[in-house]
Amino acid sequence: MNGPYASFAYSRTPSTQKAFTDRCSQCAAVSWGLTDEGKYYCTSCHNVTDRSEEVVSTAVIPNTKINSISRGLRQRSKHEKGWDWYVCEGFQCILYHQAEALETLGVSPELKNEVLHSFWKRYLQKSKQAYCKNPVRTSGRKAKVLEDNLQSSDWASDLELLSDTTCPLESGAEFQSDPQTPKPFPVTKGSPKSAASVCSGSVDGVEYSERKEKGLVKMTVPRTLALCYLSLLWQRETITLSDLLRFVEEDRIPYINAFKLFPEEMKVYGRDKGIFVVESWPDYEDIYKNMIEVAIFLDLPRFPDITEDCYLHPNTLCMKYLLEVNLPDEMNTLTCQVVKLTGIGEVDFLTFDPIAKMKRTVKYDVQAVAVIVVVLKLLFLLDDKLEWSYSDLAEAYNEEHREDTPQFDFRKWYQVMKKTFDEKRRKWEEARARYAWKTKRPLYRSHIDKSVAYKRREMVENLQRQFSALVGSAPVVEKQAPSSFQFNWTEEGTDSPCFHGHSLQTLLITKGQSLITKNPLYWLSTQKFCKSYCKHVTTYEESNFSLSYQFILNIFSFLLRIKASALHEEVSLLEKKLFEKKYNESRKSLRSKKVRRQ
């Protein structure tokens, strides 16, 4: 290598360069250099060989020189080109590690051993990749190899599926498990990589990429998250979809470059890159859509009921998000009333049933946040006027009654939240900008390009080390423990005061045995919904709404990793249920205006 970057990639030259006179296997040249690891590389085509320079330490035996060239300490693997493996085995490996990560986050082990495994077996059967009489393969031998691999998996026990449809396994073919020597997933150790699949590392990578059948839902890396969320929903775990995606961002659940978890013998190149490489963060709407598609494809039965004591019930989630955004605990009474009036807390409304004629899907976390937004509008109107006048009254009251329970001051809460939110968002954007998308395990188009890919990756790593030495080592940021909350609120008298114990009494009026809001006004987020054939239910233009409303949407959309327009849509749908009479009156007025014009 010539030029200014030669010293970065290779830091020394061979002292016995003339002793190694073999021709390069790529270009037939005899011109060798040494890498930092002591391996010989061709200076003409940059092909890195397995031959290395054997050095005897002169610190122990003085006046000694290199006297021989050997193959080095590493022996060539008999499976240099990899083992036979299938695309579904790669996804099985990813699912296994995702389930392991969820278990470390506190999820019940039954999710991995029973629910997710049963869903995965069902998918393999429905997609005709395994556990069926005529699996989709190029030959009977390959089908038998895959069947044996999946049945020998340590991530499995022979479980019944969730409906009357069962997997036609051979008698006595049960999944064996060895707790002392756990394996992430099976691989075919007996057969080296065949020459039939030169365009992909997997046996069926090309066929899988080109497979297009009506009604088939092909597995992808985003759909592995959809399967995980279906399992979480079935188990009614305390992890929402937004939490799942946040844990992916925090690198607690494998997703980006998940193929690096494959064993070294599973070569990933060619068509495999388009199957297993993900170059973007998971999107809430995309994963949610994939979850529904996978559930329908698997023909799953009705999920366990979401009752009031479940974490996914809106009453529970509303309390959780009230604590998250530092709002008063008393608001939970109002959110429970909104849930009751709209009927979104009913079991039949909340329970997911993929095979029902009238399929109803619920975004549990988004729906709970929408309830809080509606309650804030009921209390403060959020028109950039009333909330500030109420803040003046609360500030004056707190000055006169310092020993009493403080009244909630919207202006003070806004100032605290804006400062904390801006700092949190800045750190989040910086973390995304610094994220290393490239993995240490390089990808290449074919096995022929392997040496070039590894050499380029080695050069990049050397450059990074050199520049890091020049700039100085960056401070190591200690990874925090996983938490369901993104904000941490402390007591009064600190930079982040806590508003949980503040009162709303000055905003409420007692009427009989019930409390009603002092504010009698309310404005609807959407006056007219789009037609049913439109892709979106409502439209959201920031300039048409108050700054307070925009601020509330931006905070919650950041917490859930969704777009503000998606939250606005959920708020509009909730208002349509809460103010159904008001919507009907507006419809009648619009119709009467049209009649008058005619």
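Reader: Which helix is Glu 249 found in?

Author: Keep in mind that this is a predicted model. Glu 249 is found in helix α7, which covers residues 241-249.

Reader: Is Glu 249 buried or exposed?

Author: Burial is read from relative accessible area, with under 20% counting as buried. Glu 249 comes in at 16%, so it is buried.

Reader: What does Glu 249 touch, leaving out residues up to four places away in sequence?

Author: Trp 281, Trp 428, Arg 432 and Arg 561. With Arg 561, the side chains make a polar contact of 3.0 Å.

Reader: And which residue meets Glu 249 in a salt bridge?

Author: For a salt bridge, look for a side-chain nitrogen of Lys or Arg within 4 Å of a carboxyl oxygen of Asp or Glu. Here Arg 432 is the partner, at 2.5 Å from N to O. That pair links distant parts of the chain, since Arg 432 sits in helix α15 (residues 410-434), 183 residues apart from Glu 249. Arg 432 itself is partly exposed, at 28%.

Reader: How far apart in helix α10 are Lys 320 and Glu 324?

Author: Four residues, which means about one helical turn separates them. They form a salt bridge too, with the closest N and O atoms 4.0 Å apart, and both are buried.

Reader: How many salt bridges does the structure hold?

Author: It holds 25. Glu 423, Arg 426, Lys 427, Glu 430 and Arg 434 are joined in a network of them.

Key:
Residues are numbered from 1 along each chain as its sequence is written. This is a predicted model: local features need pLDDT of at least 70, side-chain atom pairs count only at pLDDT 80 or more; totals for chains, interfaces and linings use all residues. Side-chain values use heavy atoms; hydrogens and water are left out. Helices (H or I, at least four residues) and strands (E, at least two) are DSSP runs, numbered from the N terminus. Buried means under 20% relative accessible area, exposed over 50%, partly exposed in between (1.4 Å probe, protein chains only). A polar contact is a pair of N or O atoms within 3.5 Å; within protein, one must be able to donate a hydrogen and the other to accept it, and residues adjacent in sequence count only if both atoms are side-chain atoms. Contact means heavy atoms within 4.5 Å.
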